[in-house]
Amino acid sequence: MPTTLLSTLDTLLDHALGLHQKVDTLTIGQTCTRTVVVFLFAIVLMRLANKRFMGHSTVMDAMLGIVFGSVLSRAINGAAPFVQTLAASCVLVACHWIASALACRSHRLGYFWKGHPTLLVREGIAQVDAMRRCQITEHDLHEALRQQGEPPDIAKIALANLERNGRISIVSGH
């Protein structure tokens, strides 16, 4: 009896998702069903993942988001086997989780995987070489100040850093 049930389930999934079909033979309905399944699967997987995963907090997070989307798209369009593609996306999320956990325990790994902040301004003095290396202009600093509700005056900045997530953080000096 269980073998018959599994066989029936396999037949239903194959019909609904086109699991054993070639890409060019998938129907619109099968592609749409794949899309819904992958969408729901991705939501569950992202909820299980680190909260920062899709927040693009660091280069590692952003890169994973891009690769994750690319891998899952293959499950939708049939470019790769459906179940194996979902499994690969689980492995990507697991790798991200492990790398993040290791980076929390080792500053060296954290710097390697996540990067490090770069000092842009100290005590009102722009660190021109660092700004040039990071391709940050005074206009970028002024914008960051305005976003914090501060007047765009670099001389009033105690510290400004280009953070690991690409944002400019500013500590006012008044």
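Leu72 is found in helix H3. Helices here are DSSP runs of H or I with at least four residues, strands are runs of E with at least two, and both are numbered from the N terminus. This is a predicted model, in which local features need pLDDT of at least 70, side-chain atom pairs count only at pLDDT 80 or more, and totals for chains, interfaces and linings use all residues. Residues are numbered from 1 along each chain as its sequence is written, and side-chain values use heavy atoms, with hydrogens and water left out.

Is Leu72 buried or exposed? Leu72 counts as buried, because its relative accessibility is 6%. The cut-offs are simple: buried means under 20% relative accessible area, exposed means over 50%, and partly exposed lies in between (1.4 Å probe, protein chains only). Which residues does Leu72 contact? Setting aside neighbours within four places in sequence, they are Val38, Phe41, Ala42, Thr85, Leu86 and Ser89. Contact means heavy atoms within 4.5 Å. Leu72 and Leu40 are 32 residues apart along the chain, and their C-alpha atoms are separated by 11 Å.

Next, look at how helix H3 meets helix H2. H2 covers residues 28–48 and H3 covers residues 59–77. Their axes come within 8 Å and cross at roughly 145°. Axes are lines fitted to C-alpha atoms, for helices over the stretch in contact, and angles run from 0 to 180 degrees between N-to-C directions. The crossing of H2 and H3 is right-handed. A crossing is left-handed if the near helix is turned anticlockwise from the far one by less than a right angle, and right-handed if clockwise. On the H2 side, the contact is made by Thr31, Arg34, Thr35, Val38, Phe41, Ala42, Leu45 and Met46. On the H3 side, Phe68, Leu72, Ala75 and Ile76 take part. Sorted by class, this contact has 9 nonpolar residues, 2 polar and 1 charged. Ala, Val, Leu, Ile, Met, Phe, Trp, Tyr, Cys and Pro count as nonpolar, Asp, Glu, Lys and Arg as charged, and the others, Gly among them, as polar.

Rolling a probe the size of a water molecule over the atoms shows where empty space is left. How many residues line the largest pocket? There are 14, and Leu19, His20, Arg34, Pro81 and Phe82 lie nearest its centre. On a 1 Å grid over the protein atoms alone, a pocket is an open set of points where a 1.4 Å probe fits, with protein on both sides within 12 Å along at least five of seven lines; lining residues have an atom within 4 Å of a point. The largest pocket holds about 150 Å³ of space. A volume is the space filled by probe spheres set on the points, which are joined across faces, edges and corners. Helix H4 (residues 82–105) gives the most to the lining, with 3 residues. The lining has 7 nonpolar, 5 polar and 2 charged residues.

Move on to strand E1, residues 118–122, where Thr118 lies. Thr118 is buried, because its relative accessible area is 16%. Beyond residues up to four places away in sequence, Thr118 touches Ala130, Cys134, Ala160, Asn161 and Leu162. Glu123 sits in the loop between E1 and strand E2 (125–126). Glu123 counts as exposed, because its relative accessibility is 59%. Its phi is near 50°, a positive value in a residue other than glycine.

Helix H6 holds Arg132. Arg132 is exposed, with a relative accessible area of 58%. Gln135 lies in the loop between helix H6 (128–134) and helix H7 (138–147). Gln135 also has a positive phi, of about 60°, although it is not a glycine. It is exposed, with a relative accessible area of 70%.

Helix H7 contains Asp140. At 26% relative accessibility, Asp140 is partly exposed. Asp140 touches Gln135 and Ile168, not counting residues up to four places away in sequence. Asp140 and Ile168 are 28 residues apart in sequence, yet 8.4 Å apart from C-alpha to C-alpha. Ala144 also lies in helix H7. Ala144 counts as buried, because its relative accessibility is 7%. Outside four places in sequence, Ala144 is in contact with Ile168 and Ile170.
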